[in-house]
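Thanks for passing this one along. Here are my notes, point by point, to read with the model open.

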Amino acid sequence: MNEPKRPLVLIIDDDDVFTDTLQFVLRQKEYNMCSATNGEDGIDMAIERKPDVILCDVRMSGMHGYATVQVLKDQVETAKVPVIMMSGYATGPFGEKRCLMAGADYYLSKPFSAFDLIYTLERALQQGTIKRRSSDLILPSEGF
């Protein structure tokens with residue numbers, strides 16, 4: 001009998017401690033994982049490994065998360081992969097809207113619980129990407 005395919009989660013985050021924590025939680029739920037510490041490597045890894053979902057931090061050295069997600073959504077190979085942006089920097093409704101404007105499909109504000117992580121991952125895997133109209137998103141004119 002064939003076992004069901006375990007989803008592959010790509011983590012793009014430059015905080016090793018946070019990435020280790022995510023991996024610990026995801027291992028408990030038997031997800032397959034790979035990780036990159038910056039946006040450029042994350043994009044390359046996404047194209048090569050074809051993950052089922054991507055977790056991407058906003059604030060990273062080099063290419064920040066907004067640019068990373070925009071590139072991922074512009075690539076044919078990765079455009080339909082659900083992206084969950086995570087941030088302790090872009091918090092609140094405006095932070096979430098900024099992440100969605102960049103192309104993210106889901107958003108988690110740091111710190112978040114293991115329950116919220118797994119719930120959002122499961123939702124992303126079931127629903128895939130969410131098509132949003134730019135008119136649904138209202139951003140402040142300053143601060144970004």
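**A buried pair, and what surrounds it**

Lys 73 and Asp 105 are both buried. Keep in mind throughout that this is a predicted model.

1. **The Lys 73–Asp 105 contact.** These two side chains form a salt bridge, with N and O 2.7 Å apart. Lys 73 belongs to helix 3 (residues 65–74), while Asp 105 sits in the loop between helix 4 (92–102) and strand 5, so the contact ties together parts that are 32 residues apart in sequence. Both partners are buried, which means that each falls under 20% relative accessible area.

2. **The overall layout.** Stepping back, the protein has five helices and five strands. Along the sequence they follow the pattern β-α-β-α-β-α-β-α-β-α. The chain has 144 residues, and 44% of them count as buried.

3. **Strand 1.** Where do the side chains of strand 1 point? Leu 8, Leu 10 and Ile 12 go one way and Val 9 and Ile 11 the other, and all of them are buried. With five of the five residues of strand 1 (residues 8–12) buried, the strand is largely enclosed by the rest of the structure. Its pairing with strand 2 (residues 32–36) is parallel and runs over five bridges. If you want a spot to check on screen, look at Val 9, whose bridge partner in strand 2 is Met 33.

4. **Strand 4.** Have a look at strand 4 (residues 83–87) as well: five of its five residues are buried, leaving the strand mostly covered. Val 83, Met 85 and Ser 87 make up one side and Ile 84 and Met 86 the other, and both faces are covered. Strand 3 runs parallel to strand 4, and four bridges join them. Leu 55 has Ile 84 as its bridge partner in strand 4.

5. **The salt bridge count.** How many salt bridges does a search of the whole structure find? There are four.

6. Asp 13 and Lys 110 meet through their side chains in a salt bridge, at 3.2 Å from N to O. This one links distant parts of the chain, 97 residues apart: Asp 13 is in the loop between strand 1 and helix 1 (16–28), and Lys 110 is in the loop between strand 5 (106–109) and helix 5 (114–127). Asp 13 has a relative accessible area of 1%, so it counts as buried.

7. Pro 111 lies in the loop between strand 5 and helix 5. I'd flag it for a second look.

8. **Lys 5 and Asp 52.** Here the closest N and O atoms of the salt bridge are 3.2 Å apart. Lys 5 comes from the segment before strand 1 and Asp 52 from the loop between helix 2 and strand 3 (53–57), so to speak two distant parts of the chain, 47 residues apart. Buried or exposed? Lys 5 counts as exposed at 65% relative accessibility, whereas Asp 52 is partly exposed at 24%.

9. **Two positive phi values.** Most residues other than glycine have a negative phi, which is why I'd list the exceptions here. Glu 30 has phi near 65°, and Lys 50 has phi near 55°. Glu 30 is in the loop between helix 1 and strand 2 and is partly exposed, with a relative accessible area of 49%. Its C-alpha is 8.5 Å from that of Pro 7, though the two residues are 23 apart in sequence. Lys 50 is in the loop between helix 2 and strand 3 and is exposed, at 52% relative accessible area.

10. **An acidic patch.** Last point: which residues gather in a patch of negative charge on the surface? They are Glu 40, Asp 41, Asp 44 and Glu 48. Asp 41 is part of helix 2 (residues 39–49), and at 39% relative accessibility it counts as partly exposed.

Notes. Residues numbered from 1 in each chain as written. Predicted model: local features only at pLDDT ≥ 70, side-chain atom pairs only at ≥ 80, totals over all residues. Heavy atoms only, no water. Patch = residues over 30% accessible without salt bridge, like charges linked within 9 Å, V, L, I, M, F, W, Y side chains within 5 Å. Areas by Shrake-Rupley, 256 points an atom, 1.4 Å probe, with all protein chains shown as cover. Lys, Arg positive; Asp, Glu negative; His and termini not counted. Charge placed at Lys NZ, Arg CZ, Asp CG, Glu CD. Buried < 20%, exposed > 50% of the residue type's maximum accessible area, 1.4 Å probe, protein only. Pairing = 2+ DSSP bridges.
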